[in-house]
Amino acid sequence: MAVSVFDLFTVGIGPSSSHTVGPMRAAYLFASRLHDTDRLARVASVRCELFGSLGATGHGHGSVPAVVLGLAGEQPHLVDPVAAGPIVAGVRADGKLRLLGEHPVVFAVDDDVVLHRTRRLPFHSNGMVFTARDTAGETVERREYYSVGGGFVLDQDETGQSVIREDATPVPHPFASGDELVAIARAHGPRISDVVLANEAAFRPEAETRAGLLHLWAVMRECVRRGTSTHGVLPGGLRVRRRAADLARHLDAEGAGATDMDRVTLDALAVNEENAAGGRVVTAPTNGAAGIVPAVLHHAARTLPGFDDDAVVRFLLTAAAVGQLFKRNASISGAEVGCQGEVGSACSMAAAGFAELLGGTPEQVENAAEIGIEHNLGLTCDPVGGLVQIPCIERNAVASVKAITAARMARRGDGVHHVSLDKAIRTMRATGADMKVKYKETARGGLALTVVEC
C-alpha cells in the first residue's frame, strides 16, 4: 500500500487534522520551498487564501493561526500547544512574521489570511493558495495546496485522479481491498497485523516501527491523562464545559459500580476535549475522530488478560490496514464525505484492531470493520459554530462503544456475512458523493443550523 501506518497515525494538535494540521503543514511546505529554492530573501509579503470548507469553517477550526504557525516554521508534530497562542498573538501585534523563524516579512493576520466562505477550488473542498511577493509587488511564488483529510497535504503537482500520494517503495504484500487483505493474511499471516508489519519493514526496520507505535500509544495515554484532569470551558463562542475531569472523579467514587463502558466513554470524551482545546493528540485517522482508537485501546488494556506492548502494536497495525482501505477507496475527510469518513472510518478501524486482540481470524476482523462502518453510513459533518465540539465530542464516545460491540459481535460469528467491508466502503464513498455540501463540514446544515436558529 502507498500509505504507511505513520501516515494514518500522526502526532499533531487540535482541533482538526484537515483544517488545522493540514494548513500548518501546507504553510510550512510553502515557506520551505522558498528557502530551498534560494528565494526566501526576496520575499517581502505573503498571502494565504483558504477555499471551500477551509474558508467556511476556518475560524472555528483554528485554520488562521495554523497558517501563521506553519509560515513561522512550526510543524504539527513538534509545535508546543502552549506556545502556539503567544506566537500568533505576537505576529498579530507586531504586523510582522519571520518566515521559518528567519526572514521577516510584513504580515497582517486578518488581511493576509483570507477565508473565501463560498468559493472552492476544483480539485478538493479543502483548497489553499499561497502567494509570496517581493518589494515591487511582483510574484515570487504562487502555490496551491489541498488538505485531503487526516492531515494529508497535496500540492498542485500531486493533484491527479486520486488524493493518495503514491509511494514507489515496493512492499511484500500490497493490497487494495479488504478481500485481498484477508486472502494475503490467510496465505502469509496468519494475522492481518503480520501482513502490515511485513509491509512496514519496506520503509524502516521492524524495531523502529514498533518503537514508533508505542510512542503513539504514549501520546494517547498522556492525552487521556490531561483530558481527565483539566477543568474549564472549551475555547470558542459556544462555552462548552469540559466534562471528562468531573466524570473521572464520579467514576472513581463509584469504584466497582462503574462499568468499563463508562470508562470507554470517559476516555473518548477526554481525548476530544483536549483536541477541541488545541491540545496534542494522535490523528486516528483524523483529529475529529481522534478519541475512538485510544478509547478502545484503553479498554483492551484494562480488560484483556496478557495485554502488553505487542498487543498495542498489533492493534494499531490492524487498525491501520483498515484505515488504508478507507483512504485509498473512499475518503477520511469530513469535508469530502461527511463524518462517516471520520468517525465512521475510526469506528471501523478500532473495531478491527480490537477484534484481532480478541483472537479473531482475518475474516472476523474484516467483519468487525464492516460492522463498524455499516452503522455509521450517512453520518453528516455538521459542527455547530464551525467548532469541533458539538456533536463531535460525544460522537466519538458513542462510536467507541459501537466499535467494541462490533468487534465482539464479529468474534462470536464465523466471519461469513452478506455485506463485505469493500462494499461498505464503496457505499460510503457513493453516499458522500450524494450528500449535500451543507452537511460536509461547512456549518451550514444539520445541527449547525438548527442550534443557531434556536
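**Ground rules**

I am working with a predicted model, where local features need pLDDT of at least 70, side-chain atom pairs count only at pLDDT 80 or more, and totals for chains, interfaces and linings use all residues. Residues are numbered from 1 along each chain as its sequence is written, and side-chain values use heavy atoms, with hydrogens and water left out.

**Entry 1: the cavities**

I noted how a cavity is defined: on a 1 Å grid over the protein atoms alone, it is a set of points where a 1.4 Å probe fits but cannot get out. Lining residues have an atom within 4 Å of a point. Grid points are joined across faces, edges and corners, and a volume is the space filled by probe spheres set on the points.

I found four cavities of 30 Å³ or more in the structure. The largest cavity has a volume of about 150 Å³. I counted 19 residues in its lining, and Gly288, Glu342, Cys381, Val388 and Cys392 lie nearest the centre.

Which helix gives the largest share of this lining? It is helix 17, with three residues. Helix 2 (17-36) and helix 17 (392-412) each supply at least two residues. Helices (H or I, at least four residues) and strands (E, at least two) are DSSP runs, numbered from the N terminus.

I sorted the lining of the largest cavity by class and got nine nonpolar, six polar and four charged residues. Here Ala, Val, Leu, Ile, Met, Phe, Trp, Tyr, Cys and Pro count as nonpolar, Asp, Glu, Lys and Arg as charged, and the others, Gly among them, as polar.

**Entry 2: the largest pocket**

A pocket is an open set of points with protein on both sides within 12 Å along at least five of seven lines. I found about 390 Å³ of space in the largest pocket. Its lining has 24 residues, and Gly14, Pro15, Gly62, Pro65 and Gly278 lie nearest the centre.

Helix 2, helix 4 (63-71) and helix 5 (81-94) each supply at least two lining residues. Helix 5 gives the most, with four. How many charged residues does the lining of this pocket have? I found no charged residues there, but 14 nonpolar and 10 polar ones.

Two packed helices are described by the angle between their axes and the distance between the axes. Axes are lines fitted to C-alpha atoms, for helices over the stretch in contact, and angles run from 0 to 180 degrees between N-to-C directions. Contact means heavy atoms within 4.5 Å.

I looked up helix 15 (residues 343-357), which packs against helix 17 at an angle of about 40°, with the axes 8 Å apart. Residues that meet here include Val343 and Phe354 in helix 15, and Arg395 and Ile404 in helix 17. The contact of helix 15 with helix 17 has 11 nonpolar, one polar and three charged residues.

Next I looked up helix 11 (residues 260-276), which packs with helix 17 at about 140°, with axes 8 Å apart. Among the residues in this contact are Met261 and Leu269 of helix 11, and Ile393 and Ile404 of helix 17. By class I got nine nonpolar, four polar and two charged residues.

**Entry 3: a salt bridge**

A salt bridge is a side-chain nitrogen of Lys or Arg within 4 Å of a carboxyl oxygen of Asp or Glu. My search of the whole structure gave 23 salt bridges. In one of them Arg143 pairs with Asp155, and the closest N and O atoms are 3.3 Å apart. Arg143 sits in strand 7 (residues 139-149) and Asp155 in strand 8 (residues 152-155), 12 residues apart.

**Entry 4: backbone details**

Most residues other than glycine have a negative phi, and most peptide bonds are trans. I found a cis peptide bond between Gly14 and Pro15, with omega about 10°. Pro15 is in the loop between strand 1 (10-13) and helix 2.
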